[in-house]
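Please look through the sequence and the model before reading on.

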Amino acid sequence: MNSHAPDFDHDPGQEPPDADVLAGEYVLGVHDAAQRRRLQARIDAEPEFSQRVQAWEMRFAALIDEIAPSPVPPQLWPRVRTQLGWSPVEGARGGIWQSVSFWRGATALAVAAAVAAIFIGRLPRAPEPAPPPPRVVVQPPPVAPVETEIAKPVTTLAHDDGSPGWLASLDAANGRVTMVPVPARADAQGRVPELWLIPEGGAPRSLGLVSIDKAHSVTVPQALRAALKAGSTLAITLEPPGGAPKGIPTGPIIAKGSLQTI
Amino acid sequence: MSGSEQAQRSEHRAEIAHLLAEVASGSRDAFERLYQRTSSKLFGVCLRLMPDRAEAEDVLQEVYVGIWHKAGQFDPARASPITWLAMIARNKAIDRLRAMPAASTQAPVEMAERAADPSASPLHDAEASNDSARLHWCMEQLDDRRRSLIRTAFFDGATYEELAARVGSPLGTVKSWIRRGLLQLRACLET
C-alpha cells in the first residue's frame, strides 16, 4: 500500500471517501449489508445524496445494456399479484380466460372441491368458484366428468381448532395441487401463507405461496412428486412477503393435514 | 445504430415512462403491461447477479412489488425509465446477496473480461448510443486493474472484501483502485 502513496497527496483507499465517491460505490454495489442500509437511509433522508446516486446510475446505465434479457417463468406474474394481495390471475380479460372449455374445466374443479367439502362436512361455507389456475396457460384443461375429479385425493388443511383453512385437491399424476382456501383475513403483520410438503420423516419442502381468498393450482417440482402420497403432510406457515427466505419455514404453522387416499 | 432504431428506442422509453405514470396512479392494467414490456430485461439483471434461478425469481417478484409501490417516485426529467427499473432490480439483488451466507455467492475471478464484449449482446435498451459509446470509451481509459474491478463489482455484485480476496490484494489497495477508477470515470464522462 505504502509503495503507492508517494504518487498522491492522499490515498483514497485509506480514508473515508467523499459523498460522491460513496454514492458511486453504492451504485457499484461494493459495500456490505450494514453500510448499504446506512446509505439507503441517507438516500431517503438527503435529496442531495439521492441525486448523486441517480447521477452515478445514469453514468453506469450503458453497462446494464450488456446484460441480455431472459424469459421469465410464467408463474412469476401470479406470484407478484398474490404478494400484492390481488387474486393470482386477472379473470376479466380475453384469451384463454374466456374460453368455454377452460371454464368448463375450472368449474368442474370447483364443483369437485365443493362436493368434497360437503362430503367432509366441516366447511362452514362453500368456497368461491375457482378462478383459472395460474399455471394452466397453453393446454386447454381436460373436460373431465365431475366423478373423476372427486376420485382424486382431497385433503383438508385444518387450523389448530379443527376448522378447515384450505382444501387441497391432489392430481398426483400431473404433479399438481389445487388449493381452495376458506376465505380468511390477511395476517395483521403482513405475513403471507406458504405451502409446504413434508414427506414422512423428512424435512419440509416449499411449494410456494398460496392465496387466502382464491383457489389456484400449485405445480409440484418433479423431485417432490414421489412425496405426493399417503403419509406425507401438507402444512401452511406464515412467512414474510415473498416467502421463507432460505426455503426453510420460519413462521408458525397455521393449518395442516396429512395426505390420505380416498 | 440506424435512425429508425433510435426512433424506436425513444418511443419505447416514452411508452415505459407513460406506463410508470399510469401505475403511479393505481392502474393495474398498466402495471401488467409494464411487466410484460420490462420483466425479461429485469430478470436478466437478476440472473446475472444471483447464484441461482430460484433466488433470481424471488428477487424479481420483490422488484415488481416494489415498483407497484414506488412508481410515483420515477422522475422522467432525471432518469431514463429502463435504467431506473434496472437499478431497482440491481439494488434488490445486491441486498439479497448481502443477506445470504458468503459461501453461497459465486466466486469465479473475473479479472479476464468475461462479459467485456458489448457487441456480443445487442444493445436493445441502450439509453442513447452516444452515452453508451462514451462510457465504454471512458472505461477503456482506465488501467486494466481498475476497469476489471469496476466491471466485476458491477456485474457480480462483489463486495470490497470479496474483490480483495479474489485478486489477492490488500483491502485498502482494492478500495483505492476502485475509488480512483470512479473519480477518473466521472472526470472523463464530464469532459
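How many residue pairs are in polar contact between chain B and chain A? The count is 24 residue pairs, both residues being at pLDDT 80 or more; a polar contact is a pair of N or O atoms within 3.5 Å, where within protein one must be able to donate a hydrogen and the other to accept it, and residues adjacent in sequence count only if both atoms are side-chain atoms. This is a predicted model, in which local features need pLDDT of at least 70, side-chain atom pairs count only at pLDDT 80 or more, and totals for chains, interfaces and linings use all residues. Residues are numbered from 1 along each chain as its sequence is written, chains are lettered from A and ligands numbered from 1 in the order in which they are written, and side-chain values use heavy atoms, with hydrogens and water left out.

**Interface of chain B and chain A**

- Chain B brings 72 residues to the contact and chain A brings 60 residues, contact meaning heavy atoms within 4.5 Å.
- About 6,100 Å² is buried between the two chains, and carbon and sulfur atoms give 60% of this area; buried area is the accessible area (1.4 Å probe) that two parts lose on being put together, summed over both.
- On the side of chain B, the residues that lose the most area to chain A are B:Gln61, B:Arg179 and B:Arg180, together 11% of what that side buries.

**Salt bridges between the chains**

- The rule finds seven salt bridges across the interface of chain B and chain A, a salt bridge being a side-chain nitrogen of Lys or Arg within 4 Å of a carboxyl oxygen of Asp or Glu.
- One of the salt bridges pairs B:Arg179 with A:Glu25, with 2.6 Å between the closest N and O atoms.
- A:Glu66 and B:Arg151 also meet in a salt bridge, at 2.9 Å from N to O.
- A:Glu66 lies in the loop between α3 (47-64) and α4 (76-83) of chain A, and B:Arg151 lies in helix α6 of chain B, so this pair joins two chains. Helices (H or I, at least four residues) and strands (E, at least two) are DSSP runs, numbered from the N terminus.
- A:Glu66 counts as buried at 10% relative accessibility, and B:Arg151 is buried at 4%; buried means under 20% relative accessible area, exposed over 50%, and partly exposed in between (1.4 Å probe, protein chains only).

**Salt bridges within a chain**

- Over all chains, the search of the whole structure finds 21 salt bridges.
- In chain A, the side chains of A:Arg191 and A:Asp187 meet at 2.9 Å, N to O, and A:Arg191 is partly exposed at 24% relative accessibility.
- In chain B, B:Asp144 and B:Arg147 form a salt bridge at 2.8 Å, N to O.
- Both of these residues lie in helix α6 of chain B, three residues apart, about one turn of the helix.
- B:Asp144 is exposed at 54% relative accessibility, whereas B:Arg147 is buried at 9%.

**Chain A**

- Chain A has six helices and eight strands, and its pattern along the sequence is α-α-α-α-α-α-β-β-β-β-β-β-β-β.
- Of the 262 residues in chain A, 46% are buried.
- Among contacts in chain A between residues at least 6 apart in sequence, 62% join residues at least 24 apart.
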